Every structure is written in structure tokens, then in C-alpha cells.
Amino acid sequence: MKSLFASSHSQTGASAPGVRLSATIRALAGGLGLCALLGAPALAPSLRAAARPNLILILSDDHRYDFMSFMKQAPPFLETPNLDRLAAAGAHLVNAFVATSLCSPSRASILTGQYMHHHRVTDNQRPEPADIRFFPEYLQQAGYETAFIGKWHMGHENDAPRKGFDYWAALRGQGSYFNPTLNVNGARKTFQGYSADVLTDQALAWLKRPHAKPFFLYLSYKAVHYPFRPAPRHLGRYRNATVPYPETMANTEENYLTQSRWIRERRYSIHGIDHMETGRYDHDPVPDFEEFYRHYCETVHTLDESIGRVVRALEDAGLMQNTVLIYTSDNGFALGEHGFYDKRDAFEASIRVPLLVCAPGRVAPGSRLAAMVQNIDLAPTLLDAAGARPPKDAPPMDGRSFWPLLLGRKVPWRDHILYEYYWEWNFPATPTQFAIRTDRYKYIFYHGVWDRNGFYDLQTDPYERHNLIDVPAFRELIGELRGKLFDELEQSGGLQMPLRRPAGERLDARKLRR
């Protein structure tokens with residue numbers, strides 16, 4: 001069967017603008033089986049059990065959970081054919097969250113399986129602690145060959161090779177969308193072209209090498225981080241698309257009547273939509289919301305194209321049938337919700353991420369898992385898939401493996417998640433916050449500000465417009481959630497917040513209300 005994945009540098013992989021995951025692909029996913037869908041021979045059960053799988057983790061930056069074209073909430077014009085096909089060919093974990101919605105802390109949680117208060121990477125300015133442990137170290141000990149390619153973004157500008165990786169090719173800090181410089185095993189080299197194309201080329205070159213061992217590839221893209229820059233071949237692709245404005249974006253009494261005061265005030269910060277389009281003399285770096293939104297979608301589309309190239313290369317090399325591939329993002333991103341364009345806060349657009357798992361012969365195609373999982377679960381899950389375990393001297397992980405869920409097993413699972421974010425000197429508009437989220441309710445505790453906390457019914461108010469913190473009918477439930485939040489934080493040492501000396505640039509300009 002011909003591969004369903006787009007060929008390299010194709011415009012869309014054959015679909016026209018706005019096309020959702022087709023009924024044909026859904027039927028293939030349900031009726032033919034995963035390996036047939038991917039054009040790969042099915043493994044016999046004995047071989048599936050015996051062969052240790054290759055592992056690939058593809059990470060993007062600031063990709064929202066709902067900006068994949070098979071999602072009903074996605075903009076109707078957005079095209080992500082390769083992510084759509086991954087979802088059809090494997091599992092979509094529809095309730096995936098981060099433990100901290102900020103680049104460096106989230107990446108540390110992915111690599112350690114720990115909350116921020118345990119791994120101690122609390123902002124984007126400082127290097128990770130010297131004694132931190134990354135799960136690729138344990139894969140090496142288990143006989144895996146490991147590689148990191150792309151955006152590391154822990155330690156600010158420090159791109160030096162890190163422990164746990166046999167091969168290293170990292171961007172420095174945020175990196176650049178064009179002509180990026182990579183630190184390749186200790187030597188810097190500049191490559192011509194668009195960042196996602198260059199990183200994909202590097203990954204494909206590494207995959208083509210002979211591998212005597214099973215391998216783990218961690219491919220980390222810069223996209224879709226601000227400023228949003230698609231590949232030139234896709235710039236303007238959505239220039240005529242109608243941009244949908246979020247319901248909570250308007251500066252109205254209805255949107256802010258019950259909200260915490262800092263939420264409205266953040267509209268006027270560097271991460272607020274009233275910091276843009278305010279006047280010719282304001283010199284704001286984001287002058288137009290609709291252009292901003294369209295460029296985000298064009299950058300997502302370019303990212304999707306690169307992911308398709310990786311999967312196509314795995315197919316062509318005959319590797320896909322014994323590979324576990326996971327795609328996710330380091331955090332979400334608000335595009336106008338509550339007047340924000342950023343992450344950091346505990347609202348849904350910020351803390352939810354896409355999470356797709358494709359593992360032919362292991363994970364049933366078309367799976368849709370509703371369990372609440374977090375980025376702290378990725379490390380134990382990948383180790384579990386490899387049949388590896390942390391050594392006895394390894395620090396304990398806060399996350400747990402969702403590999404049994406992917407295999408269709410019924411196992412006890414969490415009924416809530418915890419979230420934490422510490423105020424940053426560099427971006428002072430967002431306060432320290434701790435949150436607990438169940439399948440229906442969310443309680444948010446704000447620290448260090450004279451303000452009301454947050455409580456939302458996600459079933460009746462999915463946009464989190466109405467803060468119910470002062471509604472007497474919910475007083476008992478709010479008390480229970482607050483107690484559980486602080487009990488669990490206290491038990492795990494999460495109530496000791498660090499004080500960091502100022503470092504880096506401070507972006508604290510506040511626009512005046514018009």
C-alpha cells in the first residue's frame with residue numbers, strides 16, 4: 001500500500017484548505033490495522049514481544065492542543081494532514097497537560113519525570129542543576145543509542161552537549177528560524193535554510209546511520225514559538241482566511257466581571273492583546289492580531305510537513321513497524337483567550353498540549369484515550385515501552401507510565417492533575433499560581449497578589465469565562481480541592497518556593513488603558 005504520509009516539502013500532502021481527517025483514513029485506521037495503514041508489514045506477536053522498539057520523541061514549542069485539523073475546535077482553514085494521519089494510525093490522548101506551562105521547566109519535566117519543585121528548573125534564564133538526571137541516561141544503561149537534535153532551551157544560551165545523549169546537535173537558546181547554528185557534538189556549525197527543514201535533515205541523516213542497538217531520538221523543533229515564522233513556501237498561505245476571535249478576548253464586563261483583577265491587567269502587558277494595535281507611536285512588536293494568528297497557523301502547517309518527512313523516512317527504511325513515536329508540545333499557547341497571547345497561566349489554552357502516539361503492532365489505530373496525562377508521565381512511559389527501569393540511585397519520578405493504557409489495559413489512574421508556575425522577574429504580569437484540575441472542575445490559587453482565586457466548572461463553562469470562587473453553593477467543593485492541592489504539594493515538598501536573583505531582560509512595560 002502506498003504511504004499515506006506527505007512527501008518531503010509537499011504543500012499539504014494532497015488536501016485542500018480546511019479539509020478534516022477524512023472518512024477514508026478513519027476507515028483504514030479501523031479496518032486495516034496500523035501497520036497496513038502505514039505501509040509496513042505487520043509483526044508477528046512473538047516478534048512484537050521480543051524486539052525492543054526504537055523510540056522517537058518529537059517535541060514542538062507552543063503548539064496548542066486544539067490546533068490540529070482533525071480537531072473540531074481547530075480553525076477551519078488549518079491543515080495538518082500528517083498529524084491527522086498519526087492520530088488515525090495510533091492513539092490520541094485527548095486530555096494531555098503540562099505540569100508547568102513554560103519552556104525550560106516543561107522540558108525538564110519531560111526529561112526527568114518530575115514536577116518543577118523537584119527538578120528545580122524554574123525559569124528560562126538559568127542552567128539545570130548539576131545533579132539533575134535525565135531518562136535518556138537510563139536508556140543508555142539499558143543498551144539504547146541516544147540522540148538529541150534541536151531546541152534544548154535549558155540554561156538559556158548554553159548549547160553544550162548534555163549527559164544522556166550519544167549524539168548532540170542543539171540550537172543555542174531560542175535558536176533562529178532561518179540559517180540556524182547548531183552545536184554538533186561540541187562544534188558549532190551554521191546551516192542554510194529554514195529551521196524545521198534543517199532539523200529534519202539532521203534527524204534523517206542520523207536515522208540513516210547504521211544502528212547496532214535500538215535507538216532513542218529526541219527531535220525538538222523551534223516551531224511554533226513566537227515570533228511565528230513559517231517556511232517561505234508557506235508564508236501567506238492563509239492570508240485570506242477569516243480569523244475566529246475567541247469568546248473571552250473582548251474587553252467587556254461579561255468577560256471580566258468575576259475574574260481575578262490580574263487577568264484583565266495582563267491585557268496591557270507584553271503578553272496581552274491590548275499591548276498590540278494600540279497606536280503608531282507605541283512600537284509594539286505585534287502590530288496586528290489577525291496577521292499574528294495566520295502566521296501561527298502557517299508555522300503549524302510547516303511543522304506538520306516536517307513531521308511527515310520523518311515518518312515517511314521511517315517507513316522507507318523499514319523502521320516504522322518497530323518504533324514508538326510520540327508527538328507533543330512543551331506547552332500550549334493563548335491566541336486571544338482572556339486577552340492573552342502567551343502561556344504561563346493555568347487556563348486550558350496554556351496547560352493543554354497535543355499528544356499522539358504511533359506504535360505499529362502495539363497501539364491500536366484510531367485509539368482515543370480520555371485519561372488525564374501530563375508531561376511528567378512521558379519519561380516513565382518511554383522507559384516502560386523500552387522495558388527499561390531507572391537505577392536504584394535515580395531520584396523518584398512524579399509521573400507514571402501510561403504505556404499500559406496505550407496497550408488497552410485497565411489500570412488504576414489519577415482523577416486529577418496538579419499545576420505550578422512561579423512568578424518571573426522577567427515577565428511580572430503573571431503571578432505565582434498553583435492549580436488542581438479534575439475532569440470537571442479547576443481550582444487556581446494565586447500567590448503574592450491581593451486578588452481573588454479561581455474556580456471554574458469546565459463542563460458548563462469550557463471557556464473559563466465565569467469564575468465561581470464566591471458562589472456559596474461551591475464553597476464546600478472549593479475547600480476540598482484547596483485542601484487536596486496543598487496536601488499533595490506539602491507531601492512532595494512543593495511549598496518551598498525558590499527566590500532567584502534577577503537575570504536576563506525584564507519586559508515589564510504596561511500600556512495605558514484606552
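**Entry 1: Leu78**

I started at Leu78, which is buried, with a relative accessible area of 0%. Buried here means under 20% relative accessible area, exposed means over 50%, and partly exposed lies in between (1.4 Å probe, protein chains only). A note on the source: this is a predicted model, where local features need pLDDT of at least 70, side-chain atom pairs count only at pLDDT 80 or more, and totals for chains, interfaces and linings use all residues. Residues are numbered from 1 along each chain as its sequence is written, and side-chain values use heavy atoms, with hydrogens and water left out.

I placed Leu78 in the loop between strand 1 (54-60) and helix 4. Helices (H or I, at least four residues) and strands (E, at least two) are DSSP runs, numbered from the N terminus. I then looked across the chain from Leu78 to Glu298: they are 220 residues apart in sequence, yet 8.0 Å apart in space, C-alpha to C-alpha.

Next I checked helix 4 (residues 81-89), and 9 of its 9 residues are buried. Among them are Pro81, Asn82, Asp84 and Arg85.

**Entry 2: the whole chain**

I stepped back for an overview. The protein chain has 15 helices and 16 strands. Of its 514 residues, 61% are buried. I also looked up contacts, meaning heavy atoms within 4.5 Å. Taking contacts with a separation of 6 or more, 70% come from residues 24 or more positions apart.

Two strands pair if DSSP finds at least two bridges between them.

I turned to another open sheet, with 4 strands in the order 13-14-15-16 and antiparallel pairing. Its edge strands are strand 13 (416-421) and strand 16 (454-457), each pairing on one side only. The twist averages 10° from one strand to the next.

Strand 13 and strand 14 (residues 432-438) pair in the antiparallel sense over 6 bridges. I picked out Tyr419, whose bridge partner in strand 14 is Ala435. Helix 15 (residues 475-491) lies across strand 13, strand 14, strand 15 (441-447) and strand 16, and runs at about 60° to strand 15.

**Entry 3: helix 8 against helix 11**

Two packed helices are described by the angle between their axes and the distance between the axes. I looked up both for helix 8 (residues 195-207) and helix 11 (residues 289-316): the axes come within 10 Å and cross at roughly 15°. Axes are lines fitted to C-alpha atoms, for helices over the stretch in contact, and angles run from 0 to 180 degrees between N-to-C directions. Helix 8 and helix 11 are therefore roughly parallel to each other. The cut-offs are under 35 degrees for roughly parallel, over 145 for roughly antiparallel and 65 to 115 for roughly perpendicular, with the rest oblique.

Which residues of helix 8 and helix 11 meet? I listed Ala196, Asp197, Thr200, Asp201, Leu204 and Leu207 from helix 8, against Ser306, Arg309, Val310, Ala313 and Leu314 from helix 11. By class, the contact has 6 nonpolar, 2 polar and 3 charged residues. Ala, Val, Leu, Ile, Met, Phe, Trp, Tyr, Cys and Pro count as nonpolar, Asp, Glu, Lys and Arg as charged, and the others, Gly among them, as polar.

Most residues other than glycine have a negative phi, and most peptide bonds are trans. I looked for exceptions. A cis peptide bond joins Ala223 and Val224, with omega about 10°. Another cis peptide bond joins Tyr226 and Pro227, with omega about -5°. Val224 sits in the loop between strand 8 (215-220) and helix 9 (253-256), and Pro227 lies in the loop between strand 8 and helix 9.

For phi, I noted His338, which is not a glycine but has a positive value of about 60°. Arg344, also not a glycine, has a positive phi of about 75°. His338 is in the loop between strand 9 (323-329) and helix 12 (348-351), and Arg344 lies in the loop between strand 9 and helix 12. Are they buried or exposed? His338 is buried, with a relative accessible area of 4%, and Arg344 is buried, with 3%.
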